[in-house]
Amino acid sequence: MRVVRALSAALLTLGLAAAPAAADASPSPSQDGTAAPTRAGTSFRTATEIEQGQPATASGSTGDYLYWSFPADTGQRPTVEATVKLPESHASQTWQIDVYDGLRRRQACQYGAQTRTAAADASSVRLACVLRTVRAWSEPWANDPLPGTYYVRLTATGIATADLGLPVGSEVRVDSRDIGGSAAVDGSLAEPLVPGVATKPGVEREDAAVPAGLEPEDGWASGRWSDRWVWTAAGGILAALAGVGGYALTRGTGRPSRVPPA
């Protein structure tokens, strides 16, 4: 029974250690008091940086390309949501949201309304794109999402000529779900896919391009550690407990007192 109690205590310790790790892996909004961005870039080079969980707004004109960028780390499944506030009077319009990785590769959406058509009497249109889970490593020929900076592009793809230049408002928000060890792979990138320049709010020049500085709150993951290690260890301990319990149930009580020793 001492062995059973010792193994049970070890299992409980592993469970308590895994809980904070799982909680820390989930993204959270910025706590540094940074104001939410109120403008968008017009290209990949001038994309406005936003953090996950931080809403960003921007004003523009129908026909403009609006760009934002955000960091995504290993094991996260980002969800990009955008709302476009349309002018009071307009024709039918089709809006689309696209997401690109740090290599400018367009990433497919698992699900969500990536493209929507707003009727002539609609006041707004909502778009959403749920990306695939970000992997720690991938084959060179694959198009898998990798840790690094991602770009969001919002634009109207089908608009009447009379609607070009009409003012519109937009709001973009990125959140992620932590998938955990089920998405872990063997291997990791030497460096995340981070671009060389970006546009940050609060710089002296509004259009100044500066080195990109966004990264997850706890830094970039190495790709080698995941909660899969914890559950593997827990599975081994459970197997050991099952073996000890099975032995205790099947070994019996020993030689009966009425049977003389051999």
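## A buried loop position

The model is predicted. Residue A47 lies in the loop that connects α1 (2-25) with β1 (48-49). Is A47 buried or exposed? Its relative accessible area is 1%, and residues under 20% are classed as buried; A47 is therefore buried.

A47 and L66 are 19 residues apart along the chain. The distance between their C-alpha atoms is 7.9 Å.

## The antiparallel sheet

An open sheet is formed by 5 strands, arranged in the order β2-β11-β4-β9-β7. The pairing within this sheet is antiparallel. Its edges are taken by β2 (56-61) and β7 (109-111), each of which pairs on one side only. On average, and with direction ignored, neighbouring strands of the sheet are turned by 35 degrees against each other.

Within this arrangement, β4 (residues 76-85) and β11 (residues 167-178) are joined by 10 bridges in the antiparallel sense. For A82, the bridge partner in β11 is V172.

## The chain as a whole

The chain contains 2 helices and 11 strands. Read from the N terminus, the order of its elements is α-β-β-β-β-β-β-β-β-β-β-β-α.

Of the 262 residues in the chain, 37% are buried. Among contacts with a separation of 6 or more, 72% involve residues 24 or more positions apart. The accessible surface of the chain is about 14800 Å², and carbon and sulfur atoms account for 55% of this surface.

Technical notes
Residues are numbered from 1 along each chain as its sequence is written. This is a predicted model: local features need pLDDT of at least 70, side-chain atom pairs count only at pLDDT 80 or more; totals for chains, interfaces and linings use all residues. Side-chain values use heavy atoms; hydrogens and water are left out. Two strands pair if DSSP finds at least two bridges between them. Helices (H or I, at least four residues) and strands (E, at least two) are DSSP runs, numbered from the N terminus. Axes are lines fitted to C-alpha atoms, for helices over the stretch in contact, and angles run from 0 to 180 degrees between N-to-C directions. Buried means under 20% relative accessible area, exposed over 50%, partly exposed in between (1.4 Å probe, protein chains only). Contact means heavy atoms within 4.5 Å. Accessible areas come from the Shrake-Rupley method with a 1.4 Å probe; for residues, only the protein chains shown count as cover.
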